[in-house]
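Open the model in your viewer and keep the selection tool at hand. The stops below go one selection at a time.

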Amino acid sequence: MDLYKVLIDKLKQHPELTCFEFPGGVHIEPPSPSGFAIELRSEGKLWTVHLGNAGFHEEFRSAEEVLNFVAWCYSGLARLREVWRGSKPQEVRLEAYEDGKWSWVSKTGFIFVPFWRQRHEVLLENPKLLRD
């Protein structure tokens, strides 16, 4: 399966999403200021999916898993919680909406952060684009 061709074909069904291809990957722009970007990169049989602006990433070995993950990011059941110290990211949590509440499912954290800087959080959520 050509992951990028399948993904681009699916994205064409959603004119509200802007994407572009680059050597070895695809970038999908955030659909709104409160949404998050998605970027896929491949190295052989390993795909890395990057979300948002603060360094969150997940690795996958199956093209089907990548497609399901990207679709889930537009399900209304996924969001990113970015924690910043000044202009540097401290951690990013991918959260899922289950059983009436948000809970984190994965986290990317950074060791060297300017802890003395003002802490602030940014919540990013893409619109629900999947059909029920």
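Which residues of helix 2 are buried? Select helix 2 (63-72) in this predicted model and pick out Ala63, Val66, Leu67, Phe69 and Val70, which are its buried residues. Look down the axis: these residues cover an arc of only 165°, so they sit on the same side of helix 2. An α-helix has 3.6 residues a turn, so residues three or four places apart point the same way.

Next, show what that side faces. The buried residues of helix 2 pack against helix 1, strand 2, strand 3, strand 4, strand 5 and strand 7.

Move to the N-terminal end of helix 2 and select Ser62, which caps it. A side-chain oxygen of Ser62 lies 3.2 Å from the backbone nitrogen of Glu64.

Now select the largest nonpolar core, a set of 30 residues. Ile38, Leu40 and Leu51 have the most contacts inside this core. Helix 1 (3-11), helix 2 and strand 6 (78-85) are among the elements that give two or more residues to it. In soluble globular proteins, nonpolar side chains tend to be buried together.

Centre the view on Ile38. Beyond its neighbours within four places in sequence, Ile38 is in contact with residues including Val26, Ile28, Val49, Leu51, Val70 and Asn126.

Last, select Asp99, in the loop between strand 7 (88-98) and strand 8 (101-109). Is Asp99 buried or exposed? Asp99 is exposed, with a relative accessible area of 81%. Check its backbone too: phi of Asp99 is near 55°, a positive value in a residue other than glycine. Most residues other than glycine have a negative phi.

Notes. Residues numbered from 1 in each chain as written. Predicted model: local features only at pLDDT ≥ 70, side-chain atom pairs only at ≥ 80, totals over all residues. Heavy atoms only, no water. Helix = DSSP H or I, 4+ residues; strand = E, 2+ residues; numbered from the N terminus. Buried < 20%, exposed > 50% of the residue type's maximum accessible area, 1.4 Å probe, protein only. Core = buried A, V, L, I, M, F, W, Y, C linked by side-chain atoms within 4.5 Å. Contact = heavy atoms within 4.5 Å. Arc of directions from axis to C-beta. Polar contact = N/O pair within 3.5 Å; in protein donor to acceptor, adjacent residues only side chain to side chain.
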